[in-house]
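Trainee: I would like to learn how to read a fold element by element. Where do we begin?
Mentor: With the model itself, then one feature at a time.

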Amino acid sequence: MKLVLKTLKREQFDIEGNGDESVLKLKEKIEAKYTFPVAHQKLIFAGAILEDAKLLSSYGLKEGSFLVLMVRAVSTLLCKFTHGQIID
């Protein structure tokens with residue numbers, strides 16, 4: 001089914017999803033097609049944040065449903081230094 005993704009910047013994207021797929025699988029497709037890292041994505045449908053482990057069908061998504069895609073900005077200062085080691 002075709003799903004519509006909308007960002008807070010008013011951008012709109014289409015992505016193919018399947019009700020038997022997990023939310024995580026959909027995020028991986030979004031990363032492959034639009035290069036937004038999975039770890040930086042948050043998907044919202046009908047006011048609920050979608051959980052990675054759940055199936056798309058558990059949220060009642062259907063052809064043409066739209067989801068809000070929130071993407072955390074990628075910072076060049078993501079690493080923290082502690083005791084001489086870099087950690088994420």
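**Reading the helix and the sheet**

Mentor: Start with helix 1, residues 23–34, in this predicted model. Helix 1 has twelve residues and reaches 16 Å from its first C-alpha to its last, close to the 16 Å expected at 1.5 Å a residue.

Trainee: Which residues of helix 1 are buried?

Mentor: First the general idea. An α-helix has 3.6 residues a turn, so residues three or four places apart point the same way. Now the case here. Val 23, Leu 26, Lys 27, Ile 30 and Tyr 34 are buried. Seen down the axis of helix 1, these residues fall within an arc of 100 degrees, so they line one face.

Trainee: What covers the buried residues of helix 1?

Mentor: The cover includes strand 1 (2–7), strand 2 (12–16), strand 3 (41–45) and strand 5 (66–71). Look also at what follows helix 1: Thr 35, with a positive phi near 65 degrees.

Trainee: On to the sheet. In what order do the strands lie?

Mentor: The order is 2-1-5-3-4. Five strands form an open sheet, and the pairing is mixed. Strand 2 and strand 4 (48–49) stand at the edges, each with a single partner strand, so one side of each has no neighbour in the sheet. Helix 1 packs on the sheet, touching strand 1, strand 2, strand 3 and strand 5. The direction of helix 1 makes about 120 degrees with that of strand 2.

Trainee: Strand 1 and strand 2: parallel or antiparallel?

Mentor: Antiparallel, over five bridges. Leu 5 stands opposite Phe 13 in strand 2. The two strands form a hairpin with four residues between them. In the turn, Arg 10 has a positive phi of about 70 degrees.

Trainee: And strand 1 with strand 5, parallel or antiparallel?

Mentor: Parallel, over four bridges. Val 4 has Phe 66 in strand 5 as its bridge partner. Strand 3 and strand 4 pair in the antiparallel sense over two bridges. There, Phe 45 has Ala 48 in strand 4 as its bridge partner.

Trainee: How should I read the two faces of a strand?

Mentor: In a regular strand the side chains alternate between the two faces of the sheet. Take strand 2. Phe 13 and Ile 15 make up its covered face. Gln 12, Asp 14 and Glu 16 make up the uncovered one.

Trainee: How many residues are in the largest nonpolar core?

Mentor: The core has 17 residues. Those with the most contacts inside it are Leu 5, Ile 30, Leu 43, Leu 50, Leu 61 and Leu 67. Strand 1, strand 2, helix 1, strand 3 and strand 5 each give two or more residues to this core. Helix 1 gives the most, with four residues.

Trainee: What does Leu 5 touch?

Mentor: Set aside residues up to four places away in sequence. Leu 5 then touches Glu 11, Gln 12, Phe 13, Ile 15, Ile 30, Leu 43, Leu 67 and Leu 69.

Trainee: Now a loop residue. Is Leu 56 buried or exposed?

Mentor: Buried, with a relative accessible area of 0%. Leu 56 is found in the loop between strand 4 and strand 5. Beyond its neighbours within four places in sequence, Leu 56 is in contact with residues including Leu 3, Gly 17, Val 23, Leu 26 and Leu 61. Leu 56 and Leu 26 are 30 residues apart along the chain, yet 8.4 Å separates their C-alpha atoms.

Conventions
Residues are numbered from 1 along each chain as its sequence is written. This is a predicted model: local features need pLDDT of at least 70, side-chain atom pairs count only at pLDDT 80 or more; totals for chains, interfaces and linings use all residues. Side-chain values use heavy atoms; hydrogens and water are left out. The expected span of a helix is 1.5 Å times one less than its number of residues. Buried means under 20% relative accessible area, exposed over 50%, partly exposed in between (1.4 Å probe, protein chains only). The arc is that of the directions from the helix axis to the C-beta atoms. Contact means heavy atoms within 4.5 Å. Two strands pair if DSSP finds at least two bridges between them. A nonpolar core is a set of buried Ala, Val, Leu, Ile, Met, Phe, Trp, Tyr and Cys residues joined through side-chain atoms within 4.5 Å. Axes are lines fitted to C-alpha atoms, for helices over the stretch in contact, and angles run from 0 to 180 degrees between N-to-C directions.
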